[in-house]
Amino acid sequence: MNLCFTAPAFNLERTKNFNIAILYCLPIPMGPMNRTKPFIRTVLHRPCPAIKPRNIKPRDVRKTSLATLNHDVATLVIRFLYEYDPDSVNDLAMVCSALYVWARYVQHQITYINFTRGHALEQLHSISRNGFLPAVRELRVKVADRVKPSVDNIRGPPPKSRQERKQLKRQLEAWNLLCNLIPQMTGLSHLHWIGAVIPDPVLEYLGKNLQTRLHITLHHYTESHHSDAQRHREQLALLENLAANMSGSPNLSSLRISLENNAAVYAGEFIHGPLKQLLLSSPALRSLSINIHEQEWGCVTQDVEPDNCSFGLVNGEGPPNPLQELEITGYAWGVARQPATLAGMEYWQRTLDWSQLRRLVLHNRSAIEYRSIKLAEFLAPHLVALEEIDFRADGDQDDPQVISNFFNLLASRKLTSISLPFLVPPSSTATLAAHAATLRSLTIHPSPLTAQDVTLVRDSLPNLSSFSLVCDREDATESWPDETFSLLASIPRLQHLTIWFDLGPSDAPFKPYLNVSSADEIFSQLRQHGATQLQQLTLHSGFPPRPSKGFLATDLDNWDNRSSFVCKSTQDIHGNSSYQVSCTKLTRAENERLRLDAAVRAGEATNDMLAVIKNKRDANHMEYLVALKGPFTWPERQAWQERIWQERTRGCRTRLMEKLIG
């Protein structure tokens with residue numbers, strides 16, 4: 001006998017305080033085999049009203065409490081907590097209505113609106129309805145180039161399906177709502193705009209509020225297909241319109257340009273046209289990031305002339321005022337497949353004012369004409385205010401002599417942060433010691449450091465509070481570098497430590513494996529060696545893949561075999577310290593399950609832990625298993641992928657049979 005179960009009665013009036021009510025309909029047996037077909041129906045209701053805070057009173061008036069603080073001081077305290085542990089603010093918001101409003105107020109100080117997804121309209125309505133518009137201090141907006149204030153000005157083909165028209169309508173509603181809400185953000189000081197389309201109401205707001213700083217990020221990718229000529233013309237028109245609107249703007253203080261060229265016919269039009277105009281016509285520009293390069297990924301690439309990967313500044317052209325931050329990730333200084341010429345670098349040195357530059361990031365790309373580290377040697381005598389220097393290199397494109405010359409010629413003696421691809425030669429360590437009084441952060445990557453190198457860093461830089469390094473594992477002793485750990489723990493003021501471990505070949509990863517248990521052991525070992533002041537330890541297994549022409553790099557095949565862990569130290573009101581290990585690739589719920597499973601594997605699980613595990617959903621994706629057990633060998637990965645494929649195939653067959661029977 002077939003039974004048909006219907007959903008229980010659902011009082012819609014009771015759900016008026018919820019945004020969405022979900023009706024779970026019980027499975028209905030169908031057909032001779034009683035195959036069940038569960039389904040879920042979502043019912044939308046009117047938005048929930050804003051939560052009104054109630055007055056809170058301290059439980060003990062003799063002790064300090066958040067309840068005794070005014071709004072401004074309380075938000076400062078919660079802001080400090082939010083910067084250290086964002087998840088703790090979510091827990092704080094669940095205590096009472098007053099703390100809920102304060103916590104949400106702090107969380108909305110930095111707001112991110114993404115128009116490339118479908119939740120922008122609901123997010124804007126929620127911010128406006130709950131009264132968090134005055135809380136916004138920093139607004140980040142990401143838009144698609146086809147979004148415009150009216151349907152007539154939409155870029156790209158018109159929507160065809162009903163769903164596309166509905167999404168477009170909601171996108172336009174969110175667009176217009178954002179234009180109306182930005183003037184109500186009375187505390188807005190930084191507006192980050194990712195995209196080339198800025199609506200006229202926002203431009204009018206910026207013209208009336210000169211204290212609001214505008215940060216523009218432009219991403220573009222040019223292809224070699226001639227069928228995309230119309231698309232490139234439309235993109236060029238958007239950039240030209242943006243450059244015309246931003247000409248002479250006192251708000252534009254930061255410009256990030258990321259352009260990957262794969263078509264010489266289009267490249268020069270973008271770089272020598274609107275992008276160069278933006279650079280030359282922004283009097284308030286203080287931060288500049290340039291990443292213009294030819295395609296580096298994929299199997300089929302096309303050579304692009306370096307002239308189309310540089311601005312071609314001549315005759316005194318350059319930013320109107322001195323820069324405070326400069327980052328050059330990709331920029332062609334020479335001709336194709338030839339060493340970087342000095343003429344372009346000498347022009348930048350001679351023409352631009354470097355007296356206010358505080359941060360400099362230079363990147364040597366794999367192509368020889370994109371090696372920008374040489375620029376630092378030209379600028380060193382003029383960098384009197386430099387505080388942060390970051391040298392990066394792809395592969396073996398290292399310039400030890402150039403970096404040594406830079407530190408010898410550097411006019412500034414107040415560096416607070418240094419990042420190097422390798423440790424400078426011993427003959428030049430005295431130049432690092434010259435910044436020992438001010439240096440707080442040091443990064444050496446990707447060259448590994450030995451125990452002798454760590455000793456040199458410890459003795460030369462006693463005020464170091466943040467250190468990032470690659471630990472040497474080439475000896476393959478299947479043990480952790482305990483001597484290096486002991487030396488790291490002896491750095492007197494070290495608070496933040498980041499360690500990279502080489503993962504090794506994909507068929508036989510280096511042992512011991514880095515997983516949640518070993519990360520816990522490493523942090524405990526550092527604390528036992530005397531690193532009681534260490535607040536955060538970050539551990540990485542493997543390095544990010546490097547760009548590679550032709551076939552994709554083999555590092556990509558091993559990317560899902562990598563893992564990263566963060567160990568944070570906390571302290572309760574009684575002064576007792578503890579720490580927690582989390583995997584950066586997993587969600588908060590998955591990390592909770594990860595710690596429980598690790599305790600079970602170690603034989604340390606209590607009955608309460610086992611009871612919690614039974615109520616949690618299993619997590620068997622590869623990132624979770626790598627975090628729990630460590631990297632897979634190549635045969636293990638093949639076996640795991642085969643098992644997942646069989647399960648998916650079996651599931652597809654089951655669903656197909658249900659459709660056929662139903």
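**View 1. Helices α4 and α5 side by side in a predicted model**. Helix α4 (residues 120-129) packs against helix α5 (residues 162-181) at an angle of about 30°, and their axes sit 8 Å apart. Helices here are DSSP runs (H or I, at least four residues; strands are E, at least two), numbered from the N terminus. Axes are lines fitted to C-alpha atoms, for helices over the stretch in contact, and angles run from 0 to 180 degrees between N-to-C directions. So α4 is roughly parallel to α5, going by these cut-offs: under 35 degrees roughly parallel, over 145 roughly antiparallel, 65 to 115 roughly perpendicular, the rest oblique. The crossing is left-handed, which is the label when the near helix is turned anticlockwise from the far one by less than a right angle (clockwise is right-handed). On the α4 side, A120, L121, E122, L124, H125 and S128 make the contact, with R170, E173, A174, L177, L178 and L181 on the α5 side; contact means heavy atoms within 4.5 Å.

The model is predicted: local features need pLDDT of at least 70 and side-chain atom pairs count only at pLDDT 80 or more, while totals for chains, interfaces and linings use all residues. Residues are numbered from 1 along each chain as its sequence is written, and side-chain values use heavy atoms, leaving out hydrogens and water.

**View 2. Helices α2 and α3**. Helix α2 (residues 86-93) and α3 pack at about 150°, with axes 8 Å apart. That makes the α2 and α3 pair roughly antiparallel. Here too, α2 passes α3 in a left-handed crossing. V89, N90, L92 and A93 of α2 meet L99, Y100, A103, R104 and Q107 of α3.

**View 3. F467 in the largest nonpolar core**. This core has 153 residues, and W348 and F467 touch the most other members. A nonpolar core is a set of buried Ala, Val, Leu, Ile, Met, Phe, Trp, Tyr and Cys residues joined through side-chain atoms within 4.5 Å. Not counting residues up to four places away in sequence, F467 touches L442, I444, L449, V457, L488, I491, L494, H496, L497 and T498.

**View 4. T498 on strand β17**. T498 lies in β17 (residues 496-501) and counts as buried, at 16% relative accessibility. Buried means under 20% relative accessible area, exposed over 50%, partly exposed in between (1.4 Å probe, protein chains only). Beyond its neighbours within four places in sequence, T498 is in contact with F467, S468, L469, T538 and H540.
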